[in-house]
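I opened my notebook to jot down what I could look up in this model. Here is the structure I had on screen.

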Amino acid sequence: MIRLFQRMAGLSAAARGSLAVAAGALFAAGLPPLGGWPLAFIGLPLFLILLETGGRPTWHGGFGLGWGFGLGYFAVALHWIGYAFFVQADTYLWMMPFMLGILSAGMAVYWGLAGLLAKRFGGSGLQLALTFAGLLAIAEWLRGHLFTGFPWAAPGLLVDGMGGVAQAAAVIGMTGLSLLVVLWAALPYVFLSDRRKGALLTGAAFLLLLPVLWLWGEVRLRAAPDAMVPGVAIRIVQPNLPQDETWREDNSRQILDDLEQMSSVPTPEQPQGIAGITLVVWPESAVPFLIDESPVAKAELKPLLGGRTALLTGAVRADRKGEGQEPDVHNSIIVFDGTGEPAIRYDKWRLVPGGEFLPLAWALEPLGFRQVVQTPGSFVPGPGPRTVTLPGGLRAGLTICYEAIFPDRLVDADERPQVIINVTNDGWFGRSTGPWQHLAQARLRAIEQGLPLVRAANTGISAVIDAHGRRLRMLPLMEKGVVDSPLPVALPPTLYAKFGDFWLLLLVMAVFGCAIMVGKSTFGR
């Protein structure tokens with residue numbers, strides 16, 4: 001082992017940087033749908049060896065290695081975003097390398113700072129592993145909050161392939177899981193580098209926590225009830241409309257006809273068709289016109305819904321201003337009651353950077369950059385999360401698209417809903433890993449909050465997920481169809497739902513405290 005560490009120390013700066021990028025790419029291979037989480041136990045130890053043997057804690061030796069590790073991770077984790085630029089390739093394709101490069105490099109800055117501080121204060125062996133795990137958890141929390149936040153593909157998402165471990169999200173949330181995943185993946189490095197008896201025993205105790213949590217999660221799943229909300233029958237419509245046809249106004253008639261036909265079709269679960277359904281859910285921006293302003297659409301919805309069924313649909317909505325002024329445009333959810341009249345409106349409040357608004361537009365627009373989703377006016381965010389009471393009395397927390405990737409402020413904490421409903425359009429990303437990662441993050445939200453989640457996606461993956469994260473019904477990616485399902489009951493508020501990241505704070509403090517104790521010269525001799 002000493003020879004290995006000496007060889008690592010003797011590598012050139014370029015070779016060390018390249019290995020750090022490769023280590024980050026290996027780590028990212030554990031994300032869904034690849035599910036190669038054991039590769040994290042190779043990638044992270046490789047990075048920590050590079051970090052330990054990197055000389056003084058300089059910007060190059062600490063930040064540079066951490067940034068390279070993050071760059072490799074995010075380049076693999078976020079590569080699917082590039083698919084969106086092929087939808088209107090003549091307009092947007094030239095932007096793809098710049099946007100992907102800036103995004104991956106920007107996200108990697110957080111990991112670079114964690115690497116710098118770990119190099120400065122982390123020592124080596126178990127102390128370094130603990131320090132880096134705690135610092136990366138802080139970096140991930142900051143990544144999810146600063147500059148509007150972008151917590152996509154957190155390391156904690158690796159638990160999607162780790163069975164019952166994901167149930168710990170009900171206590172410590174996604175960022176707490178990120179800390180544990182990093183700590184577990186670092187343990188091979190600890191066993192190779194730290195020969196102190198106390199360090200080995202402590203590392204073994206941390207490793208034992210993995211099967212213990214896995215077993216606890218499986219027991220929690222086996223004990224989970226299968227109860228459903230009485231009197232609620234949901235139909236999710238997945239039209240599988242190609243993205244380049246979604247916004248064409250000449251397709252309006254055909255799109256609406258397809259949605260109406262799919263909403264009413266008999267199925268084995270509902271042989272009476274829509275007559276047995278209480279709530280129909282269409283995906284984000286389901287039609288290429290302002291459906292709440294369309295007398296034709298409302299006239300057709302009235303007999304379709306028959307006075308008994310509600311329709312919840314994603315839609316673009318315009319707030320009209322004075323004459324000659326462009327309207328404020330919202331990415332919204334509109335709920336129609338059984339008579340075909342709009343009853344509820346919810347406006348998306350977390351807008352997608354680069355998609356629904358262009359950050360630093362004053363500097364980027366003169367260079368030719370544009371937001372990917374173009375509208376007659378500017379997209380305007382809504383006021384924030386809220387619980388709405390749907391026709392029939394069901395309390396729902398509404399989310400649109402990537403709002404479901406944020407653990408904090410997902411639902412109104414003062415008025416807990418019975419269900420989270422998420423509408424999305426992942427058609428931008430084709431058959432890439434993006435839709436699978438999006439689904440996995442929505443699943444974690446259900447576990448964190450102890451709430452069922454109903455998800456309608458244009459091209460997939462539509463699903464009904466219970467409060468323990470079990471996928472009860474699901475339509476595959478790029479398949480046209482409907483999902484009929486009862487609604488699973490909600491659980492009492494989880495510890496995470498009650499206290500949020502308080503438990504993460506305690507976990508980080510415990511890890512840092514352990515790192516300080518491990519760093520003492522008398523530890524484990």
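Predicted model: local features only at pLDDT ≥ 70, side-chain atom pairs only at ≥ 80, totals over all residues.

My entries follow, starting with a strand and ending with a surface patch.

I looked up strand β9, residues 453–457, and asked: are its residues buried or exposed? I found 5 of the 5 buried, so the strand is largely enclosed by the rest of the structure. Then I checked the faces. In a regular strand, side chains alternate between the two faces of the sheet. On one side of β9 I noted Leu453, Arg455 and Ala457, on the other Val454 and Ala456, and all of them are buried.

**Entry two: its neighbours.** I looked for pairing partners next. Strand β8 (residues 419–424) runs parallel to β9, and 5 bridges join the two. I saw Val423 standing opposite Ala456 of β9.

Which residues make the nonpolar surface patch of about 560 Å²? I listed Leu495, Phe499, Phe502, Leu505, Leu506 and Met509. Helices α15 and α16 each give two or more residues to the patch, and α16 gives the most, with 4. I picked out Leu505, which sits in α16. Its relative accessibility is 46%, so I wrote Leu505 down as partly exposed.

How values were computed: Residues numbered from 1 in each chain as written. Heavy atoms only, no water. Buried < 20%, exposed > 50% of the residue type's maximum accessible area, 1.4 Å probe, protein only. Pairing = 2+ DSSP bridges. Patch = residues over 30% accessible without salt bridge, like charges linked within 9 Å, V, L, I, M, F, W, Y side chains within 5 Å. Areas by Shrake-Rupley, 256 points an atom, 1.4 Å probe, with all protein chains shown as cover. Salt bridge = Lys/Arg side-chain N within 4 Å of Asp/Glu carboxyl O.
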